[in-house]
Amino acid sequence: MSTIKKYTLNEISQAAQWLLSELKGRKVIALHGTMGAGKTTLVSAICHLLKVEDVVSSPTFSVINEYRYDDNGTQKRLYHIDLYRLKDEEEAIRTGVEDCLYSSNYCFVEWPERAAALLPDDTVHVHLSVEGDMHRSLEIA
């Protein structure tokens with residue numbers, strides 16, 4: 001059974017808050033969507049909600065960006081991973097992706113199909129799509 005949230009770009013913060021509330025403690029989120037669907041924009045909005053102080057950017061070239069945030073006095077990490085440029089799961093392992101996925105920290109993965117076998121069983125699969133000029137939808141599968 002899937003859950004869908006429709007939003008405009010002006011409502012990205014509310015959509016990010018909705019997604020966080022739907023995770024129910026799960027930490028690995030696979031973000032599916034075409035180029036330009038808003039995957040990085042959504043992760044940026046989530047980082048803003050968590051009060052990440054680092055500059056949030058696309059990890060297309062670095063593959064993994066690590067951000068820190070405070071959670072009730074405890075320093076936590078959030079990993080933003082972009083597998084677009086990787087050839088296969090072996091390359092993902094060499095890059096350190098597996099360590100992030102099993103770190104118990106939030107881990108948002110763009111282009112997860114590039115290393116699907118590495119994803120934990122409880123990964124939340126989120127499908128983003130563009131619906132018109134300003135509208136998007138999030139579907140939790």
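Predicted model: local features only at pLDDT ≥ 70, side-chain atom pairs only at ≥ 80, totals over all residues.
Numbering runs from 1 along each chain as its sequence is written, and side-chain values use heavy atoms, with hydrogens and water left out.

**Sheet**

I looked up the strand order next. Seven strands make an open sheet, E1-E7-E6-E2-E5-E4-E3, with mixed pairing. Strands (E, at least two residues) and helices (H or I, at least four) are DSSP runs numbered from the N terminus, and two strands pair if DSSP finds at least two bridges between them. Strand E1 (3–8) and strand E3 (64–71) are the edges, each pairing on one side only. The twist averages 20° from one strand to the next; axes are lines fitted to C-alpha atoms, for helices over the stretch in contact, and angles run from 0 to 180 degrees between N-to-C directions.

I then went through some pairs. Strand E2 (residues 28–32) runs parallel to E5, with four bridges. Strand E4 (residues 74–82) is also parallel to E5, with five bridges, and there Tyr79 has Cys107 as its bridge partner. E6 (residues 124–131) and E7 (residues 135–140) are antiparallel and joined by six bridges; Val126 stands opposite Ile140 in that pair's E7.

How much of E5 is buried? Five of its five residues are, where buried means under 20% relative accessible area, exposed over 50%, and partly exposed in between (1.4 Å probe, protein chains only). Tyr106, Phe108 and Glu110 point one way from E5, Cys107 and Val109 the other way.

**Helix H1**

Helix H1 (residues 12–22) packs on the sheet and touches E1, E5, E6 and E7; contact means heavy atoms within 4.5 Å. Its direction makes about 165° with that of E1. I listed its buried residues as Ile12, Ala15, Ala16, Trp18, Leu19 and Leu20. Their cover includes helix H2 (39–49) as well as E1, E5, E6 and E7.

**Two positive phi values**

Most residues other than glycine have a negative phi, so I checked the exceptions. Lys24 has a positive phi of about 50° and lies in the loop between H1 and E2. Lys24 counts as exposed because its relative accessibility is 62%. Asn72, in the loop between E3 and E4, has phi near 55°. Asn72 is exposed too, at 76% relative accessible area.

**Pocket**

Last, I looked at the lining of the largest pocket. Met35, Gly36, Lys39, Thr40 and Glu110 lie nearest its centre, among 13 lining residues. On a 1 Å grid over the protein atoms alone, a pocket is an open set of points where a 1.4 Å probe fits, with protein on both sides within 12 Å along at least five of seven lines, and lining residues have an atom within 4 Å of a point. H2 gives the most to this lining, with three residues.
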